[in-house]
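Hi there,

Here is the structure I promised to pass on to you. Please open it next to this email, and I will walk you through what turned up.

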Amino acid sequence: MTTRLTGAPTAPTRGVQLANFVIFQAAWFAAVLGAAHQLPLWGTTCVIAAIAWHLGVSARPGPEAVLVALACAIGLVVESAVAMQGHVAYPSGQPVAGLAPYWMVALWGELAIALNVTMRWLKGRWWLAALLGAIGGPAAFSGGVELGGAVFIDKTAALATLACIYAVALPPLVWLGTRFDGVGMPEAARD
């Protein structure tokens, strides 16, 4: 899964990066469209399959599984805070009012599978991670709203909240990705 260049850290091959990106996008669409069509479990199953694929191709799946679990825990807190504010409503997958829909929590776990592969370039770039969170988080959420996975009750307030929350959440996720990197070669294993 990784390439070795003398004197340089190992990184996922281009093929693995491309597969990670495609599988990530497909599972994201499945989750959002599943929720939009009252089939949130179907979409969540696709996300779980994407995570299982990632763990299956990772050099060390243990740390990656921990990263996924931590990202889900963070997602549960973050998305529940968004849901409790009442600026967003969900058509399905929210068994407890005020808590995040389970398919949204699964999407945070899916985000974890990109941290050490397609988003690896963010490591150590905390301000860039915050900027990407502030822009990319609300953009992805807006895309989900356009597809029917959620509804903005107060769009301006929701987008402002999402920008702030994701700007704060992404840098620690990137740090956790560095700490629980099961994709690249560990320092002790490098020549």
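**Aromatic pairs**

Searching the whole structure gives 4 aromatic pairs. Rings of Phe, Tyr and Trp (for Trp, its six-membered ring) pair if their centres lie within 6.5 Å; planes under 30 degrees apart count as stacked, over 60 as edge-to-face and the rest as tilted. One of the pairs is Trp28 with Phe29, which is edge-to-face, at 5.1 Å centre to centre and with 90 degrees between the planes. Trp28 counts as buried at 15% relative accessibility, while Phe29 counts as partly exposed at 38%. Here buried means under 20% relative accessible area, exposed means over 50%, and partly exposed lies in between (1.4 Å probe, protein chains only).

Another pair is Tyr90 with Trp103: the ring centres are 6.2 Å apart and the planes stand at 80 degrees, so this pair is edge-to-face. It links distant parts of the chain, 13 residues apart, with Tyr90 in the loop between strand 3 (88-89) and helix 4 (102-115) and Trp103 in helix 4. Tyr90 and Trp103 are both buried.

**Before you read on**

Please keep in mind that this is a predicted model, where local features need pLDDT of at least 70 and side-chain atom pairs count only at pLDDT 80 or more, while totals for chains, interfaces and linings use all residues. Residues are numbered from 1 along each chain as its sequence is written, and side-chain values use heavy atoms, with hydrogens and water left out.

**The chain as a whole**

The protein chain has 6 helices and 4 strands, and along the sequence they follow the pattern β-β-α-α-α-β-α-α-β-α. These are DSSP runs numbered from the N terminus: helices are H or I with at least four residues, strands are E with at least two.

How does the radius of gyration agree with that of a compact globule? For 191 residues such a globule would have a value near 16 Å, and the protein chain has 17 Å, which agrees. The radius is taken over C-alpha atoms, and the globule rule is 2.2 Å times the number of residues to the power 0.38. Along the principal axes, the C-alpha atoms fill a box of roughly 55 × 35 × 25 Å.

Of the 191 residues, 45% are buried. Among contacts with a separation of 6 or more, 75% are between residues 24 or more positions apart; contact means heavy atoms within 4.5 Å.

**Some residues to look up**

Start with Gln17, in helix 1 (residues 14-36). Gln17 is buried, with a relative accessible area of 18%. Its side chain and that of Arg14 are joined by a polar contact of 3.0 Å. A polar contact is a pair of N or O atoms within 3.5 Å; within protein, one must be able to donate a hydrogen and the other to accept it, and residues adjacent in sequence count only if both atoms are side-chain atoms. Apart from neighbours within four places in sequence, Gln17 is in contact with Pro12, Val117 and Thr118.

Ala30 is also found in helix 1 and is buried, at 9% relative accessible area. Setting aside neighbours within four places in sequence, Ala30 is in contact with Trp42, Gly43 and Cys46.

Ser80 lies in helix 3 (residues 61-85) and counts as buried at 4% relative accessibility. A polar atom of the Ser80 side chain lies 3.0 Å from the backbone nitrogen of Ala100.

Finally, look at Gln38, in the loop between helix 1 and helix 2 (40-57). Most residues other than glycine have a negative phi. For Gln38, phi is positive, near 65 degrees.

Enjoy exploring!
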